[in-house]
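This report describes a predicted model. It covers helix packing, salt bridges, backbone geometry and the nonpolar surface in turn.

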Amino acid sequence: MTARADSLTVEVVDLIGTVVARYYEEYEHAAAEHSLTGAQARVLSLLTVEPLPMRKVAERLKCEPSNVTGIVDRLESRGLVERRPDPADRRIKLAAPTAEGARTAERLRTSLDFAREPLGQLTVAERTLLKQLLQRMLGIAPPPDSPAAG
């Protein structure tokens, strides 16, 4: 049996939940302003980082590959995404943003004020600490006392 969470942990979890809910609400609104669904906007944003096979997109978004195929089809019909052969294995098709898709993703990213405005109220040191703490929570950064952290 696991121990009950202390009240501070419960409060932090509730605050994280509120931040996530507000972020998704604004993200959906920003996507709609660009005539995209939230799922389409997430796929387009992900593809601007690097072109990916749809199977990898599905893994990263934690959804079924058939869902990604439909989303990419709709983005492709709007001229925001294209399919191209993978240079490493021409049997695999990569989904990649077109120039217009990359511009749309950038406009979407710059229209998300929810996170920027509150974060702007924190000092650089506070934002750096928050980043490090979130990375540790996600297991993508070394603990502060390890040699790699310093």
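## Packing of α2 against α4

In this predicted model, helix α2, residues 38-49, and helix α4, residues 65-77, have axes that come within 10 Å and cross at roughly 80°. Angles from 65 to 115 degrees count as roughly perpendicular, and α2 and α4 are therefore roughly perpendicular to each other.

The residues that meet can be named on both sides. Helix α2 contributes A39, Q40, V43 and L44, and these meet I71, V72, R74 and L75 of helix α4.

## Packing of α1 against α2

Helix α2 also packs against helix α1: the axes of α1 and α2 come within 8 Å and cross at roughly 90°. Helices α1 and α2 are therefore roughly perpendicular to each other. On the α1 side the contact is made by Y24, Y27, E28 and A31, while α2 provides G38, A41, R42 and S45.

Two of the residues named in this contact, E28 and R42, also form a salt bridge, in which the closest N and O atoms are 3.4 Å apart. This pair links distant parts of the chain, with R42 in helix α2 and E28 in helix α1, 14 residues apart. R42 has a relative accessibility of 26% and so counts as partly exposed. E28 is likewise partly exposed, its relative accessible area being 37%.

## Contacts of L61

L61 lies in helix α3. When neighbours within four places in sequence are left aside, L61 is in contact with R42, V43 and L46.

Between the C-alpha atoms of L61 and P118 the separation is 26 Å, with the two residues 57 positions apart along the chain.

## Salt bridges

How many salt bridges does the structure hold? The count is 10. Side chains of opposite charge can pair when their charged atoms come close. One of the pairs is formed by R91 and D89, where the closest N and O atoms are 2.8 Å apart. R91 counts as exposed because its relative accessibility is 74%, and the cut-off for that class is over 50%.

Another salt bridge joins the side chains of R109 and E106, at 3.1 Å from N to O. Both belong to helix α5, residues 99-110, and because they are 3 residues apart, about one helical turn separates them. R109 is partly exposed at a relative accessible area of 39%, and E106 is partly exposed at 38%.

## Positive phi angles in loops

Most residues other than glycine have a negative phi. Against this background, S35 has a positive phi near 55° without being a glycine. S35 is found in the loop between α1 and α2, the pair of helices whose axes cross at roughly 90°. The relative accessible area of S35 is 55%, so this residue is exposed.

K62 is not a glycine either, and its phi is positive, at about 55°. Its place is in the loop between α3, residues 54-61, and α4. With a relative accessibility of 74%, K62 counts as exposed.

## Nonpolar surface patch

Which residues make the nonpolar surface patch of about 1100 Å²? The patch is formed by L8, V12, I16, V20, Y23, Y24, L119, L130, L134, M137, L138 and I140. Helix α1, residues 7-33, and helix α7, residues 124-137, each supply at least two residues of the patch. Helix α1 gives the most, with 6 residues.

Y24 belongs to this patch and is also among the α1 residues that contact α2. L134, another member of the patch, is found in helix α7. At 40% relative accessibility, L134 counts as partly exposed; patch residues need over 30% relative accessible area.

Technical notes. Residues are numbered from 1 along each chain as its sequence is written. This is a predicted model: local features need pLDDT of at least 70, side-chain atom pairs count only at pLDDT 80 or more; totals for chains, interfaces and linings use all residues. Side-chain values use heavy atoms; hydrogens and water are left out. Patches are made of residues with over 30% relative accessible area and no salt bridge: like charges are joined within 9 Å, nonpolar side chains (Val, Leu, Ile, Met, Phe, Trp, Tyr) within 5 Å. Accessible areas come from the Shrake-Rupley method with a 1.4 Å probe; for residues, only the protein chains shown count as cover. A salt bridge is a side-chain nitrogen of Lys or Arg within 4 Å of a carboxyl oxygen of Asp or Glu. Helices (H or I, at least four residues) and strands (E, at least two) are DSSP runs, numbered from the N terminus. Buried means under 20% relative accessible area, exposed over 50%, partly exposed in between (1.4 Å probe, protein chains only). Axes are lines fitted to C-alpha atoms, for helices over the stretch in contact, and angles run from 0 to 180 degrees between N-to-C directions. Angles under 35 degrees count as roughly parallel, over 145 as roughly antiparallel, 65 to 115 as roughly perpendicular and the rest as oblique. Contact means heavy atoms within 4.5 Å.
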